[in-house]
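I record here what I looked up in this structure, entry by entry.

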Amino acid sequence: MMSDAVYVKKYEEPPFDRKEILRYMGCKVSDPRAELLIDECLDEISAGLTYRVCYREFKVSRAKDGLDLGFTVTGSRDLSKNLEGCRGIILFAATCGIAPDRLIARYGRLSPAKALCFQAIGAERIESLCDEFNRDISSEAMSKGLYTRPRFSPGYGDLSLSVQKEIFAVLDCYRKIGLSLNDSLLMSPSKSVTAIIGLGPSPRAAAGGDCASCSKQNCGFRKDKP
């Protein structure tokens, strides 16, 4: 029987991926000015970043109206495809803290270029944190003879953002990692993610890579874009 406990993990700073930062900035190629800007912004933001995740495990089963995730029932076909054959899920929320939001707001009028860079760094940081957590969960799952599926977040494909309400309720996100949700379903801090990781007996789908789970082919940030 699965525990109803919500667990919390705190991570050390993952390595920075400068190519990803440049990609989030919309730069197809690097240049000395962009690299200098990144250096300046990294020096200013690094000390304020935190890396925290809260998570809980649930069983998965078929329901009359779709898929029973243990904390809610969803009719999402895209999520059902992602979780096909899975016995359970890991539901998690992750955040890098409020530092990116504060710096983006501060430089919004002072230096739009810096504000853009802080946006990109924040995006790269939360993805790096989620990747670290994915690797941990994948390793734990393999020790039990299970495999993980690519993480899947509310708003991907046909999975409604309204699922956020249930996620925040069952994970107690604010008390666990200081993450809140407003009436418009926006998270604060904004550089945060909630997602579902499937646990199944088959290795047919590998862990990681949110883009593989998303049906939005026209997204400018897809990692698999030509």
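**Entry: Val170.** I listed the contacts of Val170, leaving out residues up to four places away in sequence, and found Val6, Arg56, Phe58, Phe71 and Leu91; contact means heavy atoms within 4.5 Å. I placed Val170 in helix 6, residues 163–171. Helices (H or I, at least four residues) and strands (E, at least two) are DSSP runs, numbered from the N terminus. I then took the pair Val170 and Phe71, which are 99 residues apart in sequence, yet 7.1 Å apart in space from C-alpha to C-alpha.

**Entry: basis of the values.** I note that this is a predicted model, in which local features need pLDDT of at least 70 and side-chain atom pairs count only at pLDDT 80 or more, while totals for chains, interfaces and linings use all residues. Residues are numbered from 1 along each chain as its sequence is written, and side-chain values use heavy atoms, with hydrogens and water left out.

**Entry: the whole chain.** I counted seven helices and ten strands in the protein chain. Of its 226 residues, 47% are buried; buried means under 20% relative accessible area, exposed over 50%, and partly exposed in between (1.4 Å probe, protein chains only). Among contacts with a separation of 6 or more, 77% join residues 24 or more positions apart. The chain exposes about 11900 Å², and carbon and sulfur atoms supply 51% of that area, by the Shrake-Rupley method with a 1.4 Å probe.

**Entry: backbone.** Most residues other than glycine have a negative phi, and most peptide bonds are trans. I looked for departures from this.
- Asp172 is not a glycine, but has a positive phi of about 50°. Asp172 lies in the loop between helix 6 and helix 7 (173–177) and is partly exposed, at a relative accessible area of 24%.
- Leu185 also has a positive phi, near 70°. I found Leu185 in the loop between strand 8 (180–181) and strand 9, where Leu185 is buried with a relative accessible area of 18%.
- Ser188 and Pro189 are joined by a cis peptide bond, with omega about 0°. Pro189 belongs to the loop between strand 9 (187–188) and strand 10 (192–200).

**Entry: helix 4 with helix 5.** How do the axes of helix 4 and helix 5 cross? The axes of helix 4 (residues 99–110) and helix 5 come within 7 Å and cross at roughly 160°. Axes are lines fitted to C-alpha atoms, for helices over the stretch in contact, and angles run from 0 to 180 degrees between N-to-C directions. Helix 4 is therefore roughly antiparallel to helix 5; angles under 35 degrees count as roughly parallel, over 145 as roughly antiparallel, 65 to 115 as roughly perpendicular and the rest as oblique. On the helix 4 side of the contact I noted residues including Leu103, Ile104 and Tyr107, and on the helix 5 side residues including Ala115, Phe118 and Gln119.

**Entry: helix 2 with helix 5.** Helix 2 (residues 32–45) packs on helix 5 (residues 112–142) at an angle of about 65°, with the axes 10 Å apart. The two helices are therefore roughly perpendicular to each other.
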